[in-house]
Amino acid sequence: MKTEWPLWEIFIRGQHGLSHRHVGSLHAADAEMAIKNARDVYTRRNEGVSIWVVEAEAITASSPSDKGPMYDPSESKVYRHPSFFDIPDDVGAM
Amino acid sequence: MYAQMVKSTGKGVMSRADMSPEDAAFQDRIDAGEKIEPKDWMPEGYRKTLIRQIGQHAHSEIVGQLPEGNWITRAPTLERKAILLAKVQDEAGHGLYLYGAAETLGISRDEMTRMLLDGRMKYSSIFNYPTLTWADMGAVGWLVDGAAIMNQVPLQRTSFGPYSRAMIRICKEESFHQRQGFDIMMKMAKGTPQQKAMAQDALNRFWFPSLMMFGPSDKDSVHSAQSMAWRIKMNTNDELRQKFVDQTVPQADYLGLRVPDENLKWNADKGGYDFSEPDWEEFFEVLKGNGPCNVDRLAARNAAWDNGAWVRDGLMAHAEKKRARKTAAE
């Protein structure tokens, strides 16, 4: 039997936070224990109000060498940034 | 410093001419101040040095719970006991963050733990000294955590991203600990003559071991240069030690305690204190396993690991069973 506890990635949404942020990882036998340990380790000083735990194995990450091909083209697509339309003053606030 | 005598490649700094194109590109990223992340290419020596340093740092947090845990049941007031408990709990968390950071380099926590338990990996020399009186809790917080902060604040800018982020978290809590320790020392130094004598005795015993935490003198530190070129390490051992002495001596003066060093003297020319070197022979003996508590510390960790095996296995078996039941129900 595999005896090493799996690794879990921990995400916390802060008191006034809009979204969950990755704060670190920990080992636990199951999700319940991961939540309990995350509460003790990562929210002891009121850091958050909501915890997500995800088994690290379930995460697929992009590769750092893809940086160029993945993100560069968005710069050239000006039509994605609709900040240049002239709206006549008569129309009012839009 | 919580990581001592970390062996890098064993050679000096790699020269530009000896670098492969990958090595050179990597060094350029380091020089530009870029953070290295787990999926990035890195030289094998960089990876190994970091596993040793972060692993050793994590082990130090775990073993460091023992000298302080020694006084939990005997803390003199309920308030002090609660503070000490919270502090030891923080150290466990620091170990956890650091093992997490080391694991991003492709080694597992259990593997590192086994290496600690059978002596293949080290932990900080300081935790091989015994805590003989309550005042030692003050001295450990003030001096040992103080020395740790001195070393860890620059490490917040270290080149490996996960390590630098762990340091940012840890430094915040570590400075709580230093203040707690100094508060104990203040109470004792300004208390009865017996309390003051205990505080002085604790300072006498922990002063030089604290100076040793920064590692050997620069002239004997063969692995520092490569670590500094890779920005794993930001300052030399002697620089940090000097800074620590300059900051700590006025605090001892404030307490009305005497630093146990005949040669301690303000040097106006360099704008810092002159002080005696610690006994390096003692330091190397402690690292070799021959300090006052080395055997006890490792025995305690080994016993916890061995006696806890059935609990770890039981929790895993239970988790497997629950998972199987859930899959069957779907």
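Where does Arg231(B) lie? I found Arg231(B) in the loop between helix H9 (224-229) and H10 of chain B, where helices are DSSP runs of H or I with at least four residues, numbered from the N terminus.

I noted that this is a predicted model, in which local features need pLDDT of at least 70 and side-chain atom pairs count only at pLDDT 80 or more, while totals for chains, interfaces and linings use all residues. Residues are numbered from 1 along each chain as its sequence is written, chains are lettered from A in the order in which they are written, and side-chain values use heavy atoms, with hydrogens and water left out.

I then looked up the backbone of Arg231(B), and its phi is near 55°, a positive value in a residue other than glycine. Most residues other than glycine have a negative phi.
Arg231(B) has 30% relative accessibility and so counts as partly exposed (buried is under 20% relative accessible area, exposed over 50%, partly exposed in between, with a 1.4 Å probe and protein chains only).

Next I turned to Gln242(B), which lies in helix H10 of chain B and, with a relative accessible area of 19%, is buried. Leaving aside neighbours within four places in sequence, I found Gln242(B) in contact (heavy atoms within 4.5 Å) with Lys270(B), Gly272(B), Tyr273(B) and Phe275(B).
I also checked the distance from Gln242(B) to Asp269(B), 27 residues apart along the chain, and their C-alpha atoms are separated by 14 Å.

Last, I looked up Trp134(B), which, leaving aside its neighbours within four places in sequence, is in contact with residues including Trp71(B), Arg80(B) and Met198(B).

Definitions and conventions: Helix = DSSP H or I, 4+ residues; strand = E, 2+ residues; numbered from the N terminus.
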